[in-house]
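This report goes through a predicted model.

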Amino acid sequence: MSVLDNFEQWKDFLADRLQQAQQQGLTQQVISDVAYQIGDYLARNVDPKNPEERVLADLWKVADEKEQHVLANMMVKLVQQK
């Protein structure tokens, strides 16, 4: 089972990767840029596996680049709250 199959598992996975990035000294800007790149990759190459991912994919498609960066940053903030 992929971490993309369950949104809670996906958030846990992202939270773990975020914590590792912070421990390795990555700046918030670098984390933000990586989050954007991951979001863009997922939107272009991965079919959503659950309703939450479908909403994120739909939002990503209608957003301009600036809004996509905001969406990526919001996902980072979401997993930081765990």
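S32 is found in helix α2, which spans residues 28-45. Its relative accessibility is 9%, so S32 counts as buried, the cut-off for that class being under 20%. The side chain of S32 is joined to that of N73 by a polar contact of 2.6 Å. N73 is also one of the α4 residues in the contact between α2 and α4, and S32 is among those on the α2 side.

## The contact of α2 with α4

Helix α4 covers residues 65-80. The axes of α2 and α4 come within 8 Å of each other, and they cross at roughly 110 degrees. That angle lies in the range of 65 to 115 degrees, which makes α2 roughly perpendicular to α4. The crossing in which α2 passes α4 is right-handed.

On the α2 side, the residues that meet α4 are Q28, I31, S32, A35 and Y36. Their counterparts in α4 are E65, Q68, H69, A72, N73, V76 and Q80. By type, the residues of this contact divide into 5 nonpolar, 6 polar and 1 charged.

A35 lies in helix α2. With a relative accessible area of 17%, A35 is buried because the value falls under 20%. When neighbours within four places in sequence are left aside, A35 is in contact with A72 and V76, and both of these partners belong to the α4 side of the α2 contact. For A35 and A72, the C-alpha to C-alpha distance is 5.4 Å, while 37 residues separate them in sequence.

Q37 also has its place in helix α2. Its relative accessibility is 52%, and Q37 therefore counts as exposed, a class that begins over 50%. The C-alpha atoms of Q37 and H69 are 9.2 Å apart in space, across 32 residues of sequence. H69 is listed among the α4 residues that meet α2.

## D40 in α2

Is D40 buried or exposed? D40 is a residue of helix α2, and at 17% relative accessibility it counts as buried. A polar contact of 2.9 Å links the side chain of D40 to the side chain of R44.

## The contact of α1 with α2

Helix α1 runs over residues 7-23. Its axis comes within 11 Å of the α2 axis, and the two cross at roughly 145 degrees. The crossing of α1 past α2 is right-handed.

From α1, the residues W10, L18, A21 and Q22 take part; from α2, they meet Q28, I31 and L42. The contact divides into 5 nonpolar and 2 polar residues, with no charged ones.

## The contact of α3 with α4

Helix α3 is made up of residues 51-62. It packs against helix α4 at an angle of about 150 degrees, the axes being 8 Å apart. Angles over 145 degrees count as roughly antiparallel, and α3 and α4 are therefore described that way. Their crossing is right-handed.

The contact is made by L56, L59, W60 and V62 of α3 together with E67, Q68, L71, A72 and M75 of α4. Its residues divide into 7 nonpolar, 1 polar and 1 charged.

E52 lies in helix α3. Its relative accessible area is 37%, so E52 is partly exposed. The C-alpha atoms of E52 and F7 are 6.7 Å apart in space, and the two residues are 45 residues apart in sequence.

S2 is located in the segment before α1. At 33% relative accessibility, S2 counts as partly exposed. A separation of 9.5 Å lies between the C-alpha atoms of S2 and K49, which are 47 residues apart along the chain.

Note on methods
Residues numbered from 1 in each chain as written. Predicted model: local features only at pLDDT ≥ 70, side-chain atom pairs only at ≥ 80, totals over all residues. Heavy atoms only, no water. Helix = DSSP H or I, 4+ residues; strand = E, 2+ residues; numbered from the N terminus. Buried < 20%, exposed > 50% of the residue type's maximum accessible area, 1.4 Å probe, protein only. Polar contact = N/O pair within 3.5 Å; in protein donor to acceptor, adjacent residues only side chain to side chain. Axes fitted to C-alpha atoms, helices over the stretch in contact; angles between N-to-C directions. Left-handed = near helix turned anticlockwise from the far one by under 90°. Contact = heavy atoms within 4.5 Å. Nonpolar A, V, L, I, M, F, W, Y, C, P; charged D, E, K, R; others polar. Parallel < 35°, antiparallel > 145°, perpendicular 65-115°, else oblique.
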